[in-house]
Amino acid sequence: MMVHVVAYFGFTASGSSDDGRERHVTTAILPTYAAQILQLQEDGATEEELHSIVAEAITESYFTDWGTRGQGLVADFTHVQSIEFEF
């Protein structure tokens, strides 16, 4: 599953931080996150209720490159303008 997001992202990690800014992010996410998102949608979750799982998925795939960099990085995900999912 691909996720396309326009949102305000900031970061925290041990020993560093990055000031937040609006970003346009398109990234593939792991099937486990896709399954969680699809289940939440099936259960009637709103877009806003999906934000935390989408932020976690994007942090892992896009910002930490599947755990190969940015150990301990946490993306703050706010002011979401849009989220789109694509298979």
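His51 touches Phe77, Val80 and Ile83, not counting residues up to four places away in sequence. Touching, or contact, means heavy atoms within 4.5 Å. His51 lies in helix α2. Its relative accessibility is 18%, so His51 counts as buried. Buried means under 20% relative accessible area, exposed means over 50%, and partly exposed lies in between (1.4 Å probe, protein chains only).

The model here is predicted: local features need pLDDT of at least 70, side-chain atom pairs count only at pLDDT 80 or more, and totals for chains, interfaces and linings use all residues. Residues are numbered from 1 along each chain as its sequence is written, and side-chain values use heavy atoms, with hydrogens and water left out.

Now step back to the whole chain. It holds two helices and three strands. From the N terminus on, their order is β-β-α-α-β. Helices (H or I, at least four residues) and strands (E, at least two) are DSSP runs, numbered from the N terminus. The chain has 87 residues, and 36% of them count as buried. Its accessible surface comes to about 5200 Å². Carbon and sulfur atoms account for 50% of that surface. Such areas come from the Shrake-Rupley method with a 1.4 Å probe; for residues, only the protein chains shown count as cover. Take the contacts between residues at least 6 apart in sequence: 65% of them join residues at least 24 apart.

Helix α2 deserves a look of its own. It spans residues 47-63 and has a kink of about 35°, centred on Ile53. The bend at a residue is the angle between axes fitted to the seven residues ending there and the seven starting there. The buried residues of α2 include Leu50, His51, Val54, Ile58 and Phe63. An α-helix has 3.6 residues a turn, so residues three or four places apart point the same way. Just after α2, Asp65 takes a positive phi of about 50°.

Next come the aromatic rings. How many aromatic pairs does a search of the whole structure find? The search finds three. Rings of Phe, Tyr and Trp (its six-membered ring) pair if their centres lie within 6.5 Å; planes under 30 degrees apart count as stacked, over 60 as edge-to-face and the rest as tilted. Phe9 lies in strand β1 (residues 2-13) and Phe63 in helix α2, so the pair ties together parts that are 54 residues apart in sequence. Phe9 is buried, at 0% relative accessibility. Phe63 is buried too, with a relative accessible area of 8%.

Phe9 also pairs with Phe77. Their ring centres are 5.2 Å apart and their planes stand at 55°, so this pair is tilted. The pair links distant parts of the chain: Phe9 in strand β1 and Phe77 in strand β3 (residues 74-86), 68 residues apart. At 12% relative accessibility, Phe77 counts as buried. Ring pairs link Phe9, Tyr62, Phe63 and Phe77 into a cluster.

Strand β3 also holds Ala75. Ala75 is buried, at 9% relative accessibility. Ala75 and Phe63 are 12 residues apart in sequence, and their C-alpha atoms are 8.0 Å apart in space.

What surrounds these rings? A nonpolar core is a set of buried Ala, Val, Leu, Ile, Met, Phe, Trp, Tyr and Cys residues joined through side-chain atoms within 4.5 Å. The largest such core has 22 residues. Val5, Phe9, Ile29, Val54, Ile58 and Phe77 touch the most other members. The elements that give two or more residues to this core are β1, α1 (31-42), α2 and β3. Which element gives the most to this core? Helix α2 does, with seven residues. Ile58 is in contact with Val3, Val5, Phe9, Val25, Thr27, Phe63 and Phe77, leaving aside its neighbours within four places in sequence.

Finish at Tyr8 in strand β1. Is Tyr8 buried or partly exposed? Tyr8 has 36% relative accessibility, so it counts as partly exposed. Tyr8 and Gly20 are 12 residues apart in sequence and 6.4 Å apart in space, C-alpha to C-alpha. Beyond its neighbours within four places in sequence, Tyr8 is in contact with Gly20, Arg21, Glu22, Asp76, Phe77, Thr78 and His79.
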